[in-house]
Amino acid sequence: MKNIASKTRAPGGPAAADLAPLAQARHLLLDLDGTLVRQNEAIDGAAELLERFEGRFAIVSNNSTHTAQGLALRLRRLGLRAPPERIVLAGELAVSLLARQHPTARLMVVGTPALQRHARALGFRLVASEAEFVLLALDMRFSHARLGAVANELLRGARLVVTNADATHPGPHGRVVPETGSLLAAVLTASGAQPWRIVGKPEPLLFEEGLRCLGAEPASTVVIGDNPATDAAGAARLGMACLLVGTAPEAVAPSVAGLLLPRATAEVTALPARPTERSRLSTA
Ligand SMILES: [Mg+2]
C-alpha cells in the first residue's frame, strides 16, 4: 500500500486506484480542519464518511484550543457525530502525556482558558514562574510580556512541550490565522531553547493515540487529511496509507465527498455486472 496517493486526478473524480486504500481500510484517522470542517461549516461528505465508518474512526487534530468534549458538541451542531472519546487533540494529549509522566510537575500553560482548566482537572497546579515544564499551545492573548516570561523560564531550565508546530491555519475570507508554530518561532528566537517534545502531527504521538483508542493497526488504517506536511508525512512515518483532499497537488479529491462518490470507482464496480460485447456474443 503506497503512503500517498499521488496519481493525476481523473476528470470528474479520483482514479479507482487512488481509492483502493479506503476500500481496504478497517479504521480511519481523520484530520479535522480542512478535512471535516472549514471554519463553522461541515465539509461536503463529512457526515456521510463518519456514518459509514461509525465506530471505526478517530479524529486526530493539532487543535490546542478546545477539549474533545467541547469539540464533539460543536461538531454535533454542524451535523457531525463524533464521540469525544474518539477525538484526539494535540492540546489535551500534551497535558495527558505530562500528567502520565510528570504528574506532580510545576507546569506553566501558555494557551486558552479551556486548556488551562483541563490541566487543572488532571491535577496540575499551574505556575507563572519556577516552572519545570512550559506547555506552549495556541494562546490568543500571547504578548510581549508573555513571550518574556516563557523565554526566561526556558533559560532558567524549564523544558518546553509544544502542542503543534503549524505556522498558520486557514481563516475566513482566505486569511491565515497564526498558529502555535508562529508563537514557537518567537519563543525559540528569544530563548535559544529547543522543544523538549512536540505532540502534534507530523510527530507520531497523536496518530499513536488515535490507533490506541481504536485498537487499530497501522497496516489496516488510512489517514485522511488535507495537509501534506502534517497528515501525509506523519502517516508515512508510521507506515499508514494517506488520502489527501483539498487543494494540495497530491490531493485525490477536492473534498471527502469525492472519496465517497467516485465516478471512476462506480464505473469499475459496475463493470462485472455488465456483459461485454464479447461475452454477449459468446453466450448467444
Ligand atoms: Mg487540516
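These are my notebook entries on a predicted model of a single chain.

**Entry 1: overall content**

I began with the secondary structure. The chain holds twelve helices and 13 strands. I then looked at burial. Of the 284 residues in the chain, 44% are buried. Next came the contacts between residues at least 6 apart in sequence. Of these, 68% join residues at least 24 apart.

**Entry 2: confidence**

I checked the pLDDT before reading any detail. The chain has a mean of 89, and 87% of its residues reach 70 or more. Residues 1-10 fall below 50, and this stretch has 24 contacts in the model beyond near neighbours in sequence. Residues 263-284 also have a pLDDT below 50. For that stretch I noted eleven contacts beyond near neighbours in sequence.

**Entry 3: the five-stranded sheet**

In what order do the strands of the open sheet of five run? I read S5-S4-S1-S12-S13, with parallel pairing. The edges are S5 (87-89) and S13 (241-244), each of which pairs on one side only. On average, neighbouring strands are turned by 25° against each other, direction ignored.

I followed one pair in detail. S4 (residues 57-61) pairs with S5 in the parallel sense, over three bridges. Ser61 has Leu89 in S5 as its bridge partner.

H8 spans residues 205-214 and includes Leu206. Is Leu206 buried or exposed? It is buried, because 26 other C-beta atoms lie within 10 Å, where 20 or more are required.

I then listed what Leu206 touches, leaving out residues up to four places away in sequence. The contacts are Val60, Val88, Ala90, Leu93, Val199, Gly200 and Lys201. I looked at Val60 again for its separation. Leu206 and Val60 are 146 residues apart in sequence, yet their C-alpha atoms are 6.3 Å apart in space.

**Entry 4: helix H3**

I moved to H3, residues 68-77, and picked out its buried residues: Ala68, Leu71 and Leu75. Why do they sit on the same side of H3? They do so because they cover an arc of only 60° around the axis. Their cover includes S5 and helix H4 (90-101).

I turned to the face of H3 directed away from the buried side. Exposed Leu73, Arg76 and Arg77 are carried there. Just after H3, I found Gly79 with a positive phi of about 85°.

I traced S7 (residues 133-136) next. S7 pairs with S8 (residues 159-162) in the parallel sense, over four bridges. Leu135 has Val161 in S8 as its bridge partner. How does the chain cross from S7 to S8? It passes through helix H6 (residues 144-156), and this β-α-β crossover is right-handed.

S8 is also joined to S11 (residues 197-198), by two bridges, and the two strands run parallel. Here the bridge partner of Val162 is Ile198 in S11.

**Entry 5: what I keep**

I set a caution beside residues 263-284, where the pLDDT is below 50.

Methods
Residues numbered from 1 in each chain as written. Predicted model: local features only at pLDDT ≥ 70, side-chain atom pairs only at ≥ 80, totals over all residues. Buried ≥ 20, exposed ≤ 12 C-beta atoms within 10 Å, placed from the backbone. Contact = placed C-beta atoms within 7 Å. pLDDT = per-residue confidence, 0-100. Pairing = 2+ DSSP bridges. Right-handed = clockwise from strand over helix to strand, strands pointing away. Axes fitted to C-alpha atoms, helices over the stretch in contact; angles between N-to-C directions. Arc of directions from axis to C-beta.
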